[in-house]
Amino acid sequence: MSNPRDLEAYLDERRAQGLYRTRLTVESPGVELQLGNERLLAFCSNDYLGLATHPDVIAAFQRGAAQYGVGAGASHLVSGHSRAHAALEEELADFVGSERTLLFSTGYMANLGVVTALMQRHDPIYEDRLNHASLIDAARLARARVKRYPHVDSDQLRGALEQQPGGTKLITTDAVFSMDGDLAPLPALLQLAQDHGAYLLADDAHGLGVLGAHGRGSFEHFGLAIKSPVILMDTLGKAMGTFGAFVAGDAVLIETLIQQARTYTYTTALPPAVAEATRASLKLVQSEPWRRTRLRELVARFRRGASELGFALAPSDTPIQPLILGSANRALAVAAHLRASGIWVPAIRPPTVPAGAARLRITFSSAHDDAHVDRLLEALAQFMSSDDVAH
C-alpha cells in the first residue's frame, strides 16, 4: 500500500467483511469488568486460576518493586539479570522437571528466539496446521522450509519426516491449541522426534498451571519428561497470572539460547518485580490444587448445559471452550447479544481462525462461580430461541 488512501480502503474492507477489530478500555480486573458505566461478566481471559488479583501475588510484586525498582534497566546479558530472575528460573526448572529454564519477555519472543537460534535457512520445520501465530512467524523468520501437516495428524507427519533422511529437523506444535482447546498428541510427536532425530518444540502456554496432577502442564498430563529432544515453551501471563515466558530444556539448549537467541539478547529483561510476583504465583499453583479442581468443575457444568441446549461444542476438556458459529457476522451477532446481556465474550474471526470457522472463544477461570456459568448459558439460550446458532 503506497499511500494513506490505500490504508483507508483496507480498513473499510475489513469493516465490510465483519473483520474489523476494536479494543475495550477496562477499568477493573477479574472476571467482572468495569468499562465506564458498563459492568460485564467476562468469559475471555486466560487468567485460568484467578491468580492475577491474588493478594500474595500483588504483595510480592510490590516488595519486588521496592527492592529492585519497576524496570530491569538493561538486557539479561548487560546488567538486567537480577537475583529475582535467577531464583525464578531455578524454581521453574524444578517445577516442570527440566535441567534449566530461560526467561523471555513474552511467549512470542520465546518461540521466535528458539526457532531462529536452532534452525538455519532451508532447514525443515514441521508445523501443525493450527499452530499459534508465533510459531508460524518464527519459521518464516528463520527462512526455513516449512512443511505443514493436518491438525494433530501424526501419521501425516510421519510420512513427511520419512522423506527427509538427515540434517537438523524441528517439529513445532501448540500443546493446547489456543483457539480450539484440544491437545496435541505429544506422546506420538515425541516418538516421531526421537525416531527421526528431530527437536520437538511444544508451546504449552495454555497447559501450564491447568493440566497435570500438579499443574505442570501437558507433558505431566501425558507422563512425559522434559528432556532432549523436547523443548518446552510456557508463558506466565495466563494461568500464572503475571507476565513473561520461559523455555525449559537441557542445560546445553539453554546455554545455546543465551548465545544465539536474538529475542533474548537484544531486549530489556523482564522487570524483577514481575519475577518476584511469579515466584509467589508458582507457590500458589503448587499449594492450592483446588483451583484446578474448581476449573474442571466449571468446564463440566458449562459443557453439560450447552449440550442440553443443543450447542455443538468442540471436543475440549480444557478451560478453552470454542462455540463454532461459521460466519464472522453471525459470531458478531451472538457476541453483541451477550454484551447486551452484560456478558463479554468477543467474536474470534479470520485470520485468527480459518474462514468459515468464526467463533466465540469461551474461557473459564476458577474465579467464576456456578451462577456465572448459568448466567452465560441462559443468555446463549435466549439467543438460540430466536436464531438457530447451534449448528
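Trainee: Which strand does Thr363 lie in?
Mentor: Thr363 belongs to strand β13, residues 358-363. Strands here are DSSP runs of E with at least two residues, and helices are runs of H or I with at least four, numbered from the N terminus. Bear in mind that this is a predicted model, where local features need pLDDT of at least 70, side-chain atom pairs count only at pLDDT 80 or more, and totals for chains, interfaces and linings use all residues. Residues are numbered from 1 along each chain as its sequence is written, and side-chain values use heavy atoms, with hydrogens and water left out.

Trainee: Is Thr363 buried or exposed?
Mentor: Thr363 is buried, at a relative accessible area of 1%. The cut-offs are under 20% for buried, over 50% for exposed and partly exposed in between, using a 1.4 Å probe and protein chains only.

Trainee: And what does the side chain of Thr363 reach?
Mentor: The backbone nitrogen of Cys44, at 3.4 Å.

Trainee: Which residues is Thr363 in contact with, leaving aside neighbours within four places in sequence?
Mentor: Phe43, Cys44, Ser45, Asn46, Tyr48, Pro319, Ile320 and His368. Contact means heavy atoms within 4.5 Å.

Trainee: Switching to helices. At what angle do α4 and α12 pack?
Mentor: About 25 degrees, with the axes 9 Å apart; α4 is residues 83-96 and α12 is 272-287. The axes are lines fitted to C-alpha atoms, for helices over the stretch in contact, and the angles run from 0 to 180 degrees between N-to-C directions. So α4 and α12 are roughly parallel, a label for angles under 35 degrees, with over 145 being roughly antiparallel, 65 to 115 roughly perpendicular and the rest oblique.

Trainee: Who makes the contact between them?
Mentor: From α4, Ala84, His85, Ala87, Leu88, Glu91, Leu92 and Phe95; from α12, Pro272, Ala275, Glu276, Thr278, Arg279, Leu282, Val285 and Gln286. By class, that contact has 9 nonpolar, 3 polar and 3 charged residues. Nonpolar covers Ala, Val, Leu, Ile, Met, Phe, Trp, Tyr, Cys and Pro, charged covers Asp, Glu, Lys and Arg, and the others, Gly among them, are polar.

Trainee: What about α13 and α15, how do their axes cross?
Mentor: At roughly 20 degrees, coming within 10 Å; α15 is residues 370-386. That makes α13 and α15 roughly parallel. In α13 the contact includes Arg294, Leu298 and Phe302, and in α15 Val373, Leu377 and Met384 are among the residues involved. The class count for this contact is 10 nonpolar, 1 polar and 4 charged residues.

Trainee: While we're on α13, where does Thr293 stand for accessibility?
Mentor: Thr293, in α13 (residues 290-309), is partly exposed at 34% relative accessibility.

Trainee: New topic: cis peptides. Which residue is joined to Pro229 by a cis bond?
Mentor: Ser228, with omega about 15 degrees. Pro229 sits in the loop between α9 (218-222) and β8 (230-235). The Pro350 to Pro351 bond is cis too, with omega near 10 degrees, and Pro351 is in the loop between β12 (347-348) and β13.

Methods. A polar contact is a pair of N or O atoms within 3.5 Å; within protein, one must be able to donate a hydrogen and the other to accept it, and residues adjacent in sequence count only if both atoms are side-chain atoms.
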